[in-house]
Structure formats: C-alpha cells, structure tokens
Amino acid sequence: MSPNNESQPIAASDELTPLHRNVHDTNNFHEFINVHDNDHGVDNSELHRHLSLFDLVCIGVGATVGSGIYVVTGLIAHTLAGPATFISWSIAGMAACASGLCYAEQGGRFPSAGSTYVYAKETMGERASVIAASCLTLEYVGSASAVARSWGDKVVEYVRSLQGNSAETDGVTYLLRILDPGMGINPCAFLVSSGAVLLLLNGVKESKFVTNLFTTLNVTLLLFMAGLALFLAKADNMSPLIPPQFGVSGIIRGATSSFFGYIGFDEICCIAGEAVDPAKNMPRAIILTLVIVTSLYITASIGLVGMVPYEEISETSGFPNGFRYRSLNWAAQIAALGELIALPFVVLVTIMAQPRLQYAMARDGILPAIFAEVDEFGNLINGLKISGALMTAVATLIPFAYLDDLISSGILIAFTITDASVILVRRKSPLNRPSLLKNLLTAYMAASLISGFLLRSWLSNGETGGGVFVLTILSCVTTVTLGYLMQNQCESEKPMTQGLFLTPFVPILPLVGIFINLYLIAQLELTGLLMISGYVGISVAAYLHNKRSKTESRRKGHTKEPPERLISLHEAKR
C-alpha cells in the first residue's frame, strides 16, 4: 500500500464510539467497505484479500465437520441422547441457522477481521466487544486445543488396538508408554498443535491449498462413513428412540454439547478481512457451510446409532469402533486412519482465526500493539506464535472432557451477541424513549435465560403443577411479551439494500435464536456454568483494570495515547 492511499490518523475521542456511528447509512456502509478493503482503504491494508468463495466454504466446513462428527457424536450418543442423537443435532442446527443468517448479514455489513467482536463493538460498545472476544477465544484456541487433544487420544487408542498376542506386543507396549505417559500429558496433541502452527507461519495463502485439499478429502471420507453406516443400520438399534434414562432433558443437553461442532461459519467471519468481494461471498459462504455441515451431522448420527446399539458406541472413536463391532475391520481401519489424517487440518483451520481476532483488538488498543504487527507477506506472525503456544499448552495438558462445555457455552454467547447486534442495527427506539430498544433487549435476554433454567427444572421432574410450573409459564409469557414489544414499539431502520444480504423476519428470527442459545446455556451443569461465568468475569475485570490504569497514566501525563487507538479520517466522518 502506497503512502498516498493512507489516511491521516486523528486521536479518538471518548464521544466517538461505535454506538454513535450511523451503521444504517448506505454511504457509510460503502465507506466501511472501502476502509477495510485492501484495494481502496487503509484499515486492512496489511491483510491481503485472496480468499475466494470456495476457499471460505472449505475453511468453514473444514473447521466444523471434523470436530463435530469425529469428536462429539459418539460422546452424545453414548452418554446423553442415545438413538435421538440426530434430534440433538437438529435442535443445535436450528439455533445455528437462526444465528447463521444473522452472521451472514453482519459478515457482509462489517467485512473485517474480528467477527462477533466487531459486531459488538459497532453496535454495543467496547465492554460488550471484550465479552465477545473472550468467547471467540474459547471458540478458536479452545476448540483447536480440544480437537488436537482428541486427535492425540485417538492415536493412543489406534496404537492400543494393535496390541495382541503377537511378538510385536512388547514394541507396541513401549510405544504406548511414550504416547501415553500419564499425568494428563498427551505428547501427540503437542505434535499436532505445533505442526499446525508451523504450517500457518508460512502464511494463509500457502496453507489454503492444503486446507482446500484436505477438506475435500474429509467430506469424501465422511460421506463414505455415513453411507456405509446407514447401509448397516438396524431398526432395532433405534428403539427406544429416547432412552428412559436420558429423556428429553438428555436430548437438550446433547444439543448444548453439539454446539462444539458449530464454529465453522464464525471462523469464516473472523477472516473476512482476507475475503474477496466480502459483501457477496461472506453470506453465501456462511449459508453453504451451514447447509453442508448440518446435513452431514444429522446423516452421520443416524447412521452411527443405527449401526451400533448406543450402549456400545465408543465415546472417543465412534465410527471406527462401530465398524469393528460389525466385524468390518477394513472399514474400521479406513475410518480410524481417516480421522487421524483429517483432524490435524481441523486444528489448522480453527486456530487460523485467533490471530485475526487479536489483530482487530490490537488495532482498537485493547491488546498490545504486538498483536497487530504484520510481516511483509501480510501474515500475523506474533499473534500466531502467542495463540499457538497457548493452544499447544492447553492441548498437551488438559483432557477434552474438561473443555467441551466451556467451549460450547462460549459459542452460544457469541451467537447471542451477534443476534442482538442485528436487532440493534435493524430496529430503533422511539425518539421520546431513546433507551427502549436496549432495555427491552436486555430484559428479553435475562427472561430467556431464566426461562431456560425453569424449563430445565420442569422437564426434569415432569410435574404439571406446583410452583415451578407456574413460574415457568410466567417467565415464558414475559419473554414472549418483551419480544412483542420490540416488534411493535421499536420501528424498523431503513436497511441497506445495495448488495447486502438481509436477515429475514427481524426481530423475530434473531429473538428466536437468542432464546434457543440461552436456553441451551441453561442446560449446562453447575460446573460448566461456574466456569463460563468465571472466565467471562475475569476477562471483563482484566479489561476494566487495564483501561483504568491507562486512563490514570494519561491523566498524570506519564503516557501518550497509544498509536493503536488512532482512527482514520474515514471513521471520524461517520
């Protein structure tokens, strides 16, 4: 980028916050595109736009289907939902699609690195954006760590399956001691994590060919596994559809856990700063990704529980052990080797988004400027090294079972923030009550979460009378009433229609997405709820402490306004 194309920065005043920008104005939208486009503006000048629609879909599908089918499906089938696992995936899919349409609009409206973080910053302010960023970090670093850990566990299980009475048993036993030394340490997870980071250090342009190739191979393998499982399915294995020990609550709990597998389209949004023609390609990539992965999840889960009784399904290696259960050792070997080949590339495409998130935060002054440093080829080397080191440490030392609920809840919170951001840009408060929309939306989210807890309690005991039942009805009625007030008292903003995908049925569809997301969060066990609450609380507290320290230092004249807090003239005009 030549110096002639750069805008002169000015200091950002406290008054010039994203909440005060006119994000509805069409001219400002195209100005936002120009600011973030490498060919026309300045903000994303270091990030080259080179990812086509096919590249974006491969990244979305590659980051999603591997973790969902290989890692989660067997766990849900064996411990939570039994033959009704496909219903869990269907419920999660409906919530993902409701939120996915919101991501499709916002991804085209704000086509820059950062995903939900950017949407929160532009519509709710900096504190909400920090919450969004903390949840996105759970998605990217946490999910990549969990998939790497799962891959390491699968390697150990595959090597263990080679043990027998042959003369090679001693050699396999010795190898197992290296691969599974105990104390929760997983050397294979370390190898796959560090390998993904090393590949990405060569640049996204170099990595995308590998990603596209292995995503195509991965989908082919999944179609083979699902098709063969459906061919081997027995009706007896699907009965009873809902095992009594799991019940409806188990299906809902399974839907919550399955959100671990729905991070693909959010990954697409986080790398929007490198997408070609993002206003058109972002919505298309998100919708195509959702259609592909949801269809694969439902088909594969039906095949798995139909092929093997749910009591016999392996929690860690569902399809390989399932084929082995049906005496198809050749298919088991293909599935096991396919998992071992495919999952490392899920790690690669998942961690790819984290440096882009850190880049956006550093440009806003929330993270140190080191995270915004880009090399001559447009690669975020420092951010990748730091996030890669964190991912590798977590994958090596923390078992997958401790990560699932925390990651799933982070995804659900990010979905909720994105849904809310669409309402905030498409609806407006009456002139005489400027805070009405914000207050109604906040109350609606609180009522949705309370309704989720009450519905969980009511469904667990099954009583149609008593205090819990009455409170559940009142809470649900309150939630619906708040949504009705938003629909009727908050007018629609004139939307931007020039080439921008618009979420249909606003605010109803985003409100449905918010309710489902928060309802699923309410299904978490107490430990999971405490973990996500503590994690978000610590993140916000650290941000407030850092902000207070910077403010006091500037007031005393010890420091100057950091350069990453400067904004361009393009932003100042909004």
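Q: How many disulfides does the count come to?
A: The count comes to 0 disulfides, a disulfide being a pair of cysteine sulfur atoms within 2.5 Å. Keep in mind that this is a predicted model, where local features need pLDDT of at least 70 and side-chain atom pairs count only at pLDDT 80 or more, while totals for chains, interfaces and linings use all residues. Residues are numbered from 1 along each chain as its sequence is written, and side-chain values use heavy atoms, with hydrogens and water left out.

Q: What does 4% relative accessibility make Cys188, buried or exposed?
A: Buried means under 20% relative accessible area, exposed means over 50%, and partly exposed is in between (1.4 Å probe, protein chains only). Cys188 has 4%, so it counts as buried. Cys490, at 1%, counts as buried too.

Q: And Ser115 at 0%, buried or exposed?
A: Ser115 has 0% relative accessibility, so it counts as buried. This serine sits in the loop between H3 and H4 (116-123), and its phi is near 55°, a positive value in a residue other than glycine.

Q: What about Ser327, with a relative accessible area of 59%: buried or exposed?
A: Ser327 has 59%, so it is exposed. Its phi is positive as well, about 65°, although it is not a glycine. You'll find Ser327 in the loop between H12 (318-325) and H13 (329-351).

Q: Why are H3 and H16 called oblique to each other?
A: Their axes cross at roughly 55° and come within 9 Å. Axes are lines fitted to C-alpha atoms (for helices, over the stretch in contact), with angles from 0 to 180 degrees between N-to-C directions. Under 35 degrees counts as roughly parallel, over 145 as roughly antiparallel, 65 to 115 as roughly perpendicular, and the rest as oblique. H3 and H16 are therefore oblique.

Q: Which residues of H3 and H16 make the contact?
A: Contact means heavy atoms within 4.5 Å. Among them are Ala96, Ser99 and Tyr103 of H3, and Phe415, Thr418 and Asp419 of H16.

Q: Why are H5 and H16 called oblique as well?
A: The axes of H5 (residues 126-161) and H16 cross at roughly 140° and come within 8 Å. With that angle, H5 and H16 are therefore oblique to each other.

Q: Where is Pro240 found, and what is the peptide bond from Ser239 to Pro240?
A: That bond is cis, with omega near -5°. Pro240 is in the loop between H8 (204-232) and H9 (247-258).

Methods. Helix = DSSP H or I, 4+ residues; strand = E, 2+ residues; numbered from the N terminus.
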